[in-house]
Amino acid sequence: MVNVWKFVRNFRQLELHRLILVLIVFSLISMCFLAYYVTNSPKIKEALPLPISDCNSQHRMPLPPQSLRRFMPAVDTSRTDPVVLVFAESIYSQLGQEIVAILESSRFKYRIEIAPGKGDVPTLTDKDRGRYALIVYENVLKYVNLDAWNRELLDKYCIEYSVGIIGFFKANENSLLSAQLKGFPLYLHSNLGLKDYHINPNAPLLYVTRANEVEQGPLPGDDWTVFQSNHSTYEPVLLASTKSAEFIPHLSTHKALHATVVQDLGLHDGIQRVFFGNNLNFWLHKLIFVDAVAYLTGKRLCLPLDRYLLVDIDDIFVGKEGTRMKVMDVEALLSTQNKLKTLVPNFTFNLGFSGKFYHTGKNCLKRKTPFYPPLTNL
């Protein structure tokens with residue numbers, strides 16, 4: 001009897017060990033599958049149809065000087081699909097998500113990939129046609145530090161299919177204060193505090209951004225990077241002065257402006273690029289990024305300059321007791337509307353259906369639809 005009990009106990013322990021082993025194997029397989037899915041899941045995001053517009057006819061900024069224009073590489077965008085290839089640091093990186101957010105809000109098609117350190121770049125062509133009209137690097141160092149084979153492959157694609165590159169450089173505590181961008185006649189000076197942002201009116205890429213404007217005051221953070229070069233291929237887009245200039249006697253009266261965003265006209269190697277010396281946190285960089293996308297894709301990926309605003313005022317008429325509008329409030333609303341009509345032809349506030357406060361307002365408790373006072377003048 002004792003032997004039988006020992007056999008049953010050993011059998012149960014053996015089954016428990018097998019169950020634990022099966023669970024461990026299942027967990028490992030699940031983790032491998034998840035890792036494979038995450039690293040290979042990026043797909044081309046389908047965008048909604050764009051509004052019918054001709055962005056080329058709305059280009060309002062001056063072209064580069066004639067002395068440089070004849071040396072610039074010709075842009076032929078007819079051989080590429082209107083898709084942006086985004087190389088992100090990871091699927092969770094903040095800058096990568098901001099880039100994607102701008103592309104999605106503009107309803108542009110894009111494909112996001114994890115930037116290869118030394119691995120192969122994705123397939124760039126399909127039957128003698130380019131698959132991407134623009135390439136964006138979240139970290140420009142991943143581009144300049146590509147191995148020779150992939151770098152040559154990528155640059156050859158950009159030259160043959162007239163594809164531009166946008167790159168960002170965000171300094172950190174480990175960044176060199178001064179360094180040359182590998183393979184370019186361009187020098188970087190990092191971890192600087194800047195102020196008084198200027199927009200260069202001669203930058204060819206300006207489209208949405210208004211030229212000759214100045215953003216007064218200090219820029220947020222002390223991790224800005226500025227670019228310096230004597231090569232004619234680089235045209236500054238945004239410039240600022242250092243915060244410390246006011247404490248340096250020989251710079252206090254002649255404040256030097258340093259480029260934080262530069263446009264590569266392609267005179268060096270035939271590839272047009274735009275380099276950012278920070279991320280997209282500052283609002284002006286978002287505008288320049290949109291302009292860069294439009295310029296480098298030959299206005300294939302751009303939106304018209306016309307903007308339509310809808311001022312919706314329905315909720316204020318069905319608010320809770322104590323928050324509803326009175327007669328004087330409505331009269332003030334009509335007066336404001338008439339004033340705005342002098343600035344915007346045919347402007348009217350929009351009075352629609354207030355679904356949020358349905359059956360919550362004081363005068364709506366016994367009605368099947370929200371109550372709206374008669375405003376025949378709106």
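Buried means under 20% relative accessible area, exposed means over 50%, and partly exposed lies in between (1.4 Å probe, protein chains only). The model is predicted: local features need pLDDT of at least 70 and side-chain atom pairs count only at pLDDT 80 or more, whereas totals for chains, interfaces and linings use all residues. Residues are numbered from 1 along each chain as its sequence is written, and side-chain values use heavy atoms, with hydrogens and water left out.

**Exercise 1.** Determine which residue is the salt-bridge partner of Lys-243, and which parts of the chain the pair ties together.

*Solution.* 
Step 1. A salt bridge requires a side-chain nitrogen of Lys or Arg within 4 Å of a carboxyl oxygen of Asp or Glu. The partner is Asp-222, with the closest N and O atoms 3.3 Å apart.
Step 2. Because Lys-243 lies in the loop between β11 (234-242) and α6 (249-252), and Asp-222 in the loop between β9 (214-218) and β10 (224-228), the pair ties together parts 21 residues apart in sequence. Here helices (H or I, at least four residues) and strands (E, at least two) are DSSP runs, numbered from the N terminus.
Step 3. Lys-243 has 26% relative accessibility and therefore counts as partly exposed.

**Exercise 2.** Classify Glu-113 and Arg-111 as buried or exposed, and state the N to O distance of their salt bridge.

*Solution.* 
Step 1. The two side chains meet in a salt bridge at 2.6 Å, N to O.
Step 2. Glu-113 counts as buried because its relative accessibility is 14%. Arg-111 is likewise buried, at 17%.
Step 3. The whole structure contains 9 salt bridges.

**Exercise 3.** Characterise the geometry of the aromatic pair Phe-168 and Phe-289.

*Solution.* 
Step 1. Rings of Phe, Tyr and Trp (its six-membered ring) pair if their centres lie within 6.5 Å; planes under 30 degrees apart are stacked, over 60 edge-to-face, and the rest tilted.
Step 2. For Phe-168 and Phe-289 the centres are 6.0 Å apart and the planes 40 degrees apart, a tilted pair.
Step 3. Phe-168 belongs to strand β5 (residues 164-168) and Phe-289 to helix α7 (residues 283-296), so the contact ties together parts 121 residues apart in sequence.
Step 4. Phe-168 is buried, with a relative accessible area of 1%; Phe-289 counts as buried at 1%.

**Exercise 4.** Identify which ring lies under the charged end of Arg-151.

*Solution.* 
Step 1. A charge sits over a ring if NZ of Lys or CZ of Arg is within 6 Å of the ring centre and within 35 degrees of the ring normal.
Step 2. The ring is that of Tyr-143, with the charged end 4.4 Å from its centre.
Step 3. Tyr-143 also belongs to one aromatic cluster, together with Phe-87, Tyr-137, Phe-184, Phe-227 and Phe-275.
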